[in-house]
Amino acid sequence: MCRLAAITSNEYFSPIENIAALETMKEGHDGSGMGLVLKTLGGEFEELKDHPILSGICSKNGLHTLDEYMNKLGFKLKYAWTPRTKPVKGIVPRDYYFARVYDYPDVYKDRPLEEKEDLLLKTRLALRKLGETDESIIVFSFYPDILTLKEVGDPLELCEFFGLEKSPLKAKIILAQGRQNTNYAINLYACHPFFIQGYGSMTNGENTAFVPIREFLMSRGFPGYLGYNSDSEVFCHILHYTCKKLGYPLTYYKDVITPLKQSEIDKRTDSEVARLLKVSLRPLCIDGPNCVIAFTPDGTCFMVQDAKKLRPGAVGGVKGKYGLMSEECGLDSVVPARDKSQDIFPMKFDMVIIKPGAEEVTVWNQLHG
Amino acid sequence: MEPASRLDHNHELSIKDFPYIVRWRDDRCKRCGRCTAVCPMLSIEPAVVVKRVVQSEGLTPEPKAVRYTTTMVKQTTNIERYCIGCGTCTLVCPNEAIEPEYNPRHKFNFHKNKGGHPYRRGGRRNDPMPSTLDRLRFTRISMLTDPALDAGRHEFRIRTYLGRILPAEELPVIMVNGKLEVDKTSGKFIPPVREIYPVMIGSMSIGALSPTMWEGLAMGITYLNEVEGMPVVMCSGEGGMPHRLLKSRFLKYFIPQIASGYFGWDEIVRALPHMIEDPCAIEIKYGQGAKPGDGGLLMAHKVLKLISEIRGVPMGVDLPSPPTHQTQYSIEESVAKMIQSMSMAWGFRVPVYPKISGTRTAKAVLNNLVRNPYAAGLSIDGEDGGTGAAYNVSMDTMGHPIASNIRDCYHDLVAQGKQNELPLIASGGIGKKGNLAANAAALFMLGASAVSIGKYIMQAAAGCFGDEMNRCNVCNLGKCPRGITTQDPKLYRRLDPDVVAERVVEVYKSLDIELKKIFAPMGRSTELPIGMSDGIGTDDHAIAERLHISYVC
């Protein structure tokens, strides 16, 4: 089972906190990879919030191709960040890990966000395609105020490898996932957390309804719904589809992935809509076992479970800092000075939502709508 | 001198030309006559023969030939009265003295065309080999990485939708105070959608079925709905429905079918103002898997009083439905006229879908329906489907297997992103080998939203003798020895509708458990695993490749 450690805070913090939390949850071999998605960046990125950041890995040749392509599109490199890697036994270093901050092409500068988002998505997908066959370019995200770092190896060793201990890299929301050893054919595109146009998610568990969900998403006609090297990537895309494409409020994400029985729907004040959604979005129903931790563009973080099999998941913290972890010991590591009796272990109907800035935690119950 | 033809019987058939040879045991038979009385084909008859026996009665052997006259049960070689192997004789025999035995070397098909009339029969395609569906296995088992569910303890939702489903993008919803509401001012038509059990009872008419059989099925599904909470629905078949049922609250469990003969629809239309419930749906029959290209056929001897009343026709006349709806000249017109007018008849509150026979051109029909906002689904009937009457050549050689037909159509919908908008209903050979749950589950995973059964429920609920070795299969003659497909009161009184209803309930309850036993280890319980093709595999490479599923060995 993958380990999940998400932290949302009203102050900048280092991803080391997430990795330390992952470490407390470690059981057995855990070297299939680690992924970090940082949102609301601090440090050297604090002044660059409106500029898209391209995160990924490339070879020397890949970097040349990448630069050429970005230049052709009119993106101007504004700032390039790269971790100060150091050799760590067991980790095979790649040529160039990067987070490159760009200026939009001139013609896009005054365009609405929607158009910019489409441009960023298409660019990321084109780069992915350019480097897919020889793995010369791997890109994880291309979006303002989002940085993604992924590599194969034990999370703690990767922390050392990337030199995160001494790095000023900080953010207010960080999702971290350590992959367990069920993934023997390791592909970095299969590594959580996943990100698309402001929405990020990570999941533990296996998705038994993966194929119909994948087919449904891929047939939406939206270019970003592809990849699916991991069966968990669909959770991120369902979130994007529900909230961004359909424009539904966040809580309906729960209704989409784990629809209620008709007798339960009948008791909801919005029963008419809930039934329509259940029918129209039937192929997006998951069957678990899954615990999903995610954030939305406004900085809301949440945790939901599948309806039956329930992977472990706990939310706790203090006002201004909350952890969303796959195990409670992760919370002890991140927010030790909290009232443990207030920790939340979401069950089948719950959606634990933490408002932007870690202001407040609420539990939305699906039965009550 | 006797003519040679009388002596050598040269133009007669021999018993070995027949598909079933009646094994009668002289030593066990007590000459009660039950077998000959009950034989639906009059294939066996009492006969008087002279026997010659060599016997010895004294203390020392003194063999001598004795001739005596005795009775026996004799099988006829008249092909019009061929033994159909139904085994009703065995059923009634008190001494196990008689039994038909299949003759694999028969030449029946060479001779069953007397008077230039090709062989007509009921039943399904005579192919006893396992179908593609029976070659599929459920190979994705949840264990450690994904805990299996408990079929006996967890809650399963084995339901599906019948009706046109709007894509989420087109739903008339608006946000009010952070919640979604249906926008009543939008004027957007939301097509009716029924939540039903995904295994339906397919179209078998009153007429094709006896009154007792149809009543048994109807009672069975009503019990399932009202007592067991299982929304099983049943299609009427062509030929209308009893008046009382049309005006009852139970109509919602039925799908009246309109076919090319429009039989029974005068009565249905007349009953419209008196209906207190809408039917579940309306099925428009364009084709049937067992006899593609043929319309329905009810032979004159089955058109008795009840049938003539329901169908609004005179008694004792053949009722052939045309191969196609005569008022239509193109699929566009079919869709426009039939689906929309049927929808309109019930105020657009009832889903209306067509049924076609399995065919390579199914995708063309599908794509037309996809573009019609009133089409509520597409039912495809594969070549292994059954019928009450058809030409043998149609049944055995025409049509398309259901598995690849459904798979292709599902893939076509996926390519258009409409896999959840137009439900596909699969039928034809489901449960042919008795594996109802497995066949149904496999079809769901290939892309069907629901399946329909006909022959299986006749076999399971009423003990239909018919099989793929051409056993019985005289549904067309009205001589059904079980009383299932006959209008002869002497025969249909044999069938107790209460027993049929009880069996329908038993079949569905056990089916439900078996489906759970399939879905539980695969980790699926919340929604029907439609299109979950990673769950199935087959040991046949060609099938795997054709259906885009895994090859396992």
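I started where the chains meet: 42 residues of chain A are in contact with 47 residues of chain B. A reminder to myself before going on: this is a predicted model.

**Entry 1: the A/B interface**

I looked up the buried area next. Between chain B and chain A it comes to about 3,900 Å², with carbon and sulfur atoms giving 53% of that. Which three residues of chain B supply more of its buried area than any other three? I found B:Leu180, B:Asn420 and B:Thr526, which supply 16% of what chain B buries against chain A.

Then I turned to the polar side of this interface. The rule finds 22 residue pairs in polar contact between chain B and chain A, both residues being at pLDDT 80 or more. I also asked which elements of chain B give two or more residues to the side touching chain A. My list has strand S7 (160-162), strand S8 (173-176), strand S9 (179-182) and helix H12 (402-416) of chain B. Of these, S9(B) has the largest share, with 4 residues. Sorted by class, the side of chain B that touches chain A holds 20 nonpolar, 14 polar and 13 charged residues.

How many salt bridges cross between chain B and chain A? I noted 4. I picked out one pair to look at in the viewer: B:Glu155 with A:Lys261 forms a salt bridge, and the closest N and O atoms are 2.5 Å apart.

**Entry 2: chain A by itself**

I counted elements here: chain A has 10 helices and 16 strands. Its C-alpha atoms fill a box of roughly 60 × 45 × 40 Å along the principal axes.

**Entry 3: chain B by itself**

Chain B has 17 helices and 23 strands. Why do I call chain B as compact as a globular protein of its length? Because its radius of gyration, 27 Å, is close to the 24 Å that the globule rule gives for 553 residues. I wrote down the span of the C-alpha trace of chain B as well, about 110 × 60 × 40 Å along its principal axes.

**Entry 4: the two domains of chain B**

Domain 1 covers 13-53 + 62-117, and domain 2 covers 156-163 + 194-551. The contact between them takes 14 residues from domain 1 and 13 residues from domain 2. Their C-alpha centres lie 38 Å apart.

The area buried between domain 1 and domain 2 of chain B is about 1,000 Å², and carbon and sulfur atoms give 57% of it. On the domain 1 side, I see that B:Pro40, B:Ile84 and B:Cys86 lose the most area to domain 2, together 35% of what that side buries.

For polar links between the domains, I found 4 residue pairs in polar contact, both at pLDDT 80 or more. The count of salt bridges between domain 1 and domain 2 of chain B is 0. I looked at the residue classes next: the side of domain 1 that touches domain 2 has 10 nonpolar residues, 4 polar and no charged. Helix H3 (88-92) and helix H4 (108-111) of chain B are the elements giving two or more residues to that side.

Key: Residues numbered from 1 in each chain as written. Chains lettered and ligands numbered in written order. Predicted model: local features only at pLDDT ≥ 70, side-chain atom pairs only at ≥ 80, totals over all residues. Heavy atoms only, no water. Domains from an automatic or database assignment. Contact = heavy atoms within 4.5 Å. Buried area = accessible area lost by both parts, 1.4 Å probe. Salt bridge = Lys/Arg side-chain N within 4 Å of Asp/Glu carboxyl O. Polar contact = N/O pair within 3.5 Å; in protein donor to acceptor, adjacent residues only side chain to side chain. Nonpolar A, V, L, I, M, F, W, Y, C, P; charged D, E, K, R; others polar. Rg over C-alpha atoms; globule rule 2.2 N^0.38 Å.
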